[in-house]
Amino acid sequence: MNLEGSLLKQDTSYLTTNFRTSFPFHLTSANTFELYWRYQGSSVISRSKADESSFQDFRKSLYGVGYTRNTLDYELNPSSGIYLETNSSLGNKLKESARSLHLETEFQLSFYQPLFGSFVLKHSLYSAYMKS
């Protein structure tokens, strides 16, 4: 079981809280499947007339699944291998007492290829989709 959390205070404008708990299942040494729950909330700390329309409080509670494949030869400074991570989650988003269905999907792929000596070429792709 993994637990993660963070608290972000941006100036005096808003406060964002993140919490994530996951249950990883190691299928092989290179493949991992996980089930997770993620909470994100943001609250406006100080309001002014100019900011009322641009900043709003919101809360998200998402349930998701993830898959990771890691065949890198060295985690900190890889010279060959593939790293693939994909996550998809679905849940509720509450914004100004309006509840809506919220979907988030992320995809990350990195490929490391040795060239010559200690030179390595990294190809990388990151994509995400969010819909409320």
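Me: In which strand is the place of Asn31?
Reply: The model is a predicted one. Within it, the strand that spans residues 31-44 includes Asn31, and this strand is S3.

Me: Is Asn31 buried or exposed?
Reply: A residue counts as buried when its relative accessible area is under 20%. For Asn31 the relative accessible area is 13%, so Asn31 is buried.

Me: With which side chains does the side chain of Asn31 make a polar contact?
Reply: Apart from neighbours within four places in sequence, Asn31 is in contact with Phe25, His26, Tyr67, Thr68 and Arg69. A polar contact at 2.8 Å joins its side chain to that of Tyr67. Another, at 3.0 Å, joins the side chain of Asn31 to that of Arg69.

Me: What is the bridge partner of Asn31 in S4?
Reply: Strands S3 and S4 (residues 58-70) run antiparallel and are joined by 12 bridges. In S4, Asn31 has as its bridge partner Arg69.

Me: How many bridges join strand S2 to S3?
Reply: A hairpin of four residues leads from S2 to S3. Phe23 has Leu35 as its bridge partner in S3. The two strands run antiparallel, and the number of bridges joining S2 (residues 14-26) to S3 is 13.

Me: Why does the salt bridge between Glu34 and Arg20 tie together parts that are apart in sequence, and how many residues separate them?
Reply: The closest N and O atoms of Glu34 and Arg20 are 3.0 Å apart. Because Glu34 lies in strand S3 and Arg20 in strand S2, the pair ties together parts whose separation in sequence is 14 residues.

Me: Which residues are linked with Arg20 in a network of salt bridges?
Reply: Both Glu34 and Arg20 are buried. The network of salt bridges links Arg20 with Glu4 and Glu34.

Me: Is Glu104 buried or exposed?
Reply: The side chain of Glu104 also meets that of Lys60 in a salt bridge, at 2.7 Å from N to O. Lys60 lies in strand S4 and Glu104 in strand S6, so this pair ties together parts 44 residues apart in sequence. The relative accessibility of Glu104 is 11%, and therefore Glu104 counts as buried.

Note on methods: Residues are numbered from 1 along each chain as its sequence is written. This is a predicted model: local features need pLDDT of at least 70, side-chain atom pairs count only at pLDDT 80 or more; totals for chains, interfaces and linings use all residues. Side-chain values use heavy atoms; hydrogens and water are left out. Buried means under 20% relative accessible area, exposed over 50%, partly exposed in between (1.4 Å probe, protein chains only). A polar contact is a pair of N or O atoms within 3.5 Å; within protein, one must be able to donate a hydrogen and the other to accept it, and residues adjacent in sequence count only if both atoms are side-chain atoms. Contact means heavy atoms within 4.5 Å. Two strands pair if DSSP finds at least two bridges between them. A salt bridge is a side-chain nitrogen of Lys or Arg within 4 Å of a carboxyl oxygen of Asp or Glu.
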